[in-house]
Amino acid sequence: MALTMLNGLLIKDSSPPMLLHQVSKTPQLDTFNYQSCFMQDVFAHFPEILFIHRTYNPRGKVLYTFLVDGPRVQLEGPLARAVYFAIPAKEDAESLAQMFQVFKKFNPAWERVCTILVDPHFLPLPTLAMEFPTAEVLLSAFHICKFLQGKFCQLSLERPVEKVLLTSLQSTMCSATAGNLRKLYTLLSNCIPPSRLPELHSHWLLNDRIWLAHRWRSRAESSRYFQILEITTRILSQFFGTTPSEKQGMASLFRYMQQNPGDKASFSLGLGPQNNCPPSEASSESPRVEQLVEARIQHSLNAICTGPAAQLCLGELAVVQKSMHLIGSGSEKVNIQILEDAHKVQPQPPASCSCYFNQAFHLPCRHILAMLSARRQVLQPDMLPAQWTASCATNLDSILSSKWSETLDKHLAVTLLTEEVGRLLQHCSQEEFERRYSTLRELADSWIGPYEQVQL
């Protein structure tokens, strides 16, 4: 039953499945393995480093996703690196050994796997070592980063301390030199209570073998790498991790992959990932050029803005200097992401952004400054409101009191959430739209009352 439904989805794919193995007579998938021709081809080209991510659903079933990794891999679309999906019957040695053996049977290139990257909670290490005897198993930088982020939240630290730790972690992950890792290790030792410090396993930061597998990336490449994996893992969690039915979860995931083919065309032609940015924007520049551009931006801020405005923007620029990356541009808007939620930048004067900082102060935020830095441009007077220019100085206290408020905070939060919900509803099927709309209707009626019609 479950197999029939998934086959109905998969046969529409221009790249038919090489393998679809399922052992179950119930609507649930007890054991499931899937690989398309395209996925097999990707693995055959890049078998050296294998990245394994696990996603649990509410029933406790786990989806194993195998992704290719390493310097030669240039596929950047969500799930473009995925080469294998598997749901073992159990997470015991026997079931996992069977899962790995099925993968090896259909992928002769498995013998060329040199490194396997896993998460800190990955328990079946002996089984993995037995099935891939020549491969080195290491913790992945991405999973260590996610592990530490989760621990920072669990420790209930003071907000300023937590913010410093998160900022330092993000910066270190984008430049994982031995010195930066040692600095982060020292910072954790100073900021975390000694009784809780062992929970963080900070000694991982000093294991140079872990970071050699990641250190070859430039700052921009590291930033993009983490963004891609973050998007990929969120997609897996959204479709499989929130659905009790493995059948429905996998069907939704495959439907998404059909609608978002990613880098298939560019890979089949032997090309790298396509990008809307001009090559000069996407390539990493030498530190000297970056310093020169940043110095020019600082000069333009000091020359055009009032003192308080310049200080606020220079704080945003400091974040850009540590972790800036331009990820795409169109004819009217530029997409900027700095290891955080993505925001929309409107570059035409007066420049605007969807982030809180720009909405509250109407000043160039880190995303606008990132765009200027990537385009080798400086701030222009027409890019900010007159009250912030040096020629028309306004009292900072009056601006802050009139702009930064709890009401604005709530309004922006609701606006961003509404836009995201609207975007999701526009891109789902009619059946999914009816289901989600019905859920929203019930929620709205429960807030306002069953006798009032609520405009959604």
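Within what distance do the axes of α6 and α9 come, and at what angle do they cross? They come within 8 Å and cross at roughly 115°. View A shows this pair. This is a predicted model, in which local features need pLDDT of at least 70 and side-chain atom pairs count only at pLDDT 80 or more, while totals for chains, interfaces and linings use all residues. Residues are numbered from 1 along each chain as its sequence is written, and side-chain values use heavy atoms, with hydrogens and water left out.

**Overview. The protein chain has 19 helices and 11 strands.** Helices (H or I, at least four residues) and strands (E, at least two) are DSSP runs, numbered from the N terminus. The chain has 456 residues, and 46% of them count as buried (under 20% relative accessible area; exposed is over 50%, partly exposed in between; 1.4 Å probe, protein chains only). Take the contacts (heavy atoms within 4.5 Å) between residues at least 6 apart in sequence: 59% join residues at least 24 apart. The accessible surface is about 23000 Å² (Shrake-Rupley method, 1.4 Å probe; for residues, only the protein chains shown count as cover). Carbon and sulfur atoms account for 56% of that surface.

**View A. Helices α6 and α9 are roughly perpendicular to each other.** Their axes cross at roughly 115° (axes are lines fitted to C-alpha atoms, for helices over the stretch in contact; angles run from 0 to 180 degrees between N-to-C directions). The angle classes are roughly parallel under 35 degrees, roughly antiparallel over 145, roughly perpendicular from 65 to 115, and oblique for the rest. From α6 come S171, M173 and C174; from α9 come R219, S222, S223 and F226. By class, this contact has three nonpolar, three polar and one charged residues. Ala, Val, Leu, Ile, Met, Phe, Trp, Tyr, Cys and Pro count as nonpolar; Asp, Glu, Lys and Arg as charged; the others, Gly among them, as polar.

**View B. Helices α6 (residues 159-174) and α7 (residues 178-191) cross at roughly 165°.** Their axes come within 10 Å. The crossing angle makes α6 roughly antiparallel to α7. The crossing is left-handed (the near helix is turned anticlockwise from the far one by less than a right angle; clockwise would be right-handed). On the α6 side, the residues are V161, V164, L165, S168, L169 and T172. They meet N180, L181, L184, L187, L188 and C191 of α7. Nine of the contact residues are nonpolar, three are polar and none is charged.

**View C. Helices α9 (residues 219-241) and α10 cross at roughly 140°.** The axes come within 8 Å. The two helices are therefore oblique to each other. I235, L236, F239 and F240 of α9 make the contact with E246, G249, M250, S252, L253 and Y256 of α10. Seven of these residues are nonpolar, two polar and one charged.

**View D. T233 lies in helix α9.** T233 counts as buried because its relative accessibility is 9%. Beyond its neighbours within four places in sequence, T233 contacts H53 and F142.

**View E. P88 sits in the loop between β5 (82-87) and α3 (93-106).** Its relative accessibility is 5%, so P88 counts as buried. Residues up to four places away in sequence aside, P88 touches D30, K61, V62, Y64, S95, L96 and M99. P88 and D30 are 58 residues apart in sequence, yet their C-alpha atoms are 7.0 Å apart.

**View F. N260 lies in the loop between α10 (246-259) and α11 (264-268).** At 35% relative accessibility, N260 counts as partly exposed. N260 and G77 are 183 residues apart along the chain, with 8.7 Å between their C-alpha atoms.

**View G. S156 has a positive phi of about 55°, although it is not a glycine.** S156 is placed in the loop between α5 (141-154) and α6. S156 counts as exposed because its relative accessibility is 65%.

**View H. H201, a residue other than glycine, has a positive phi near 50°.** H201 is found in the loop between α7 and α8 (208-212). With 33% relative accessibility, H201 counts as partly exposed.
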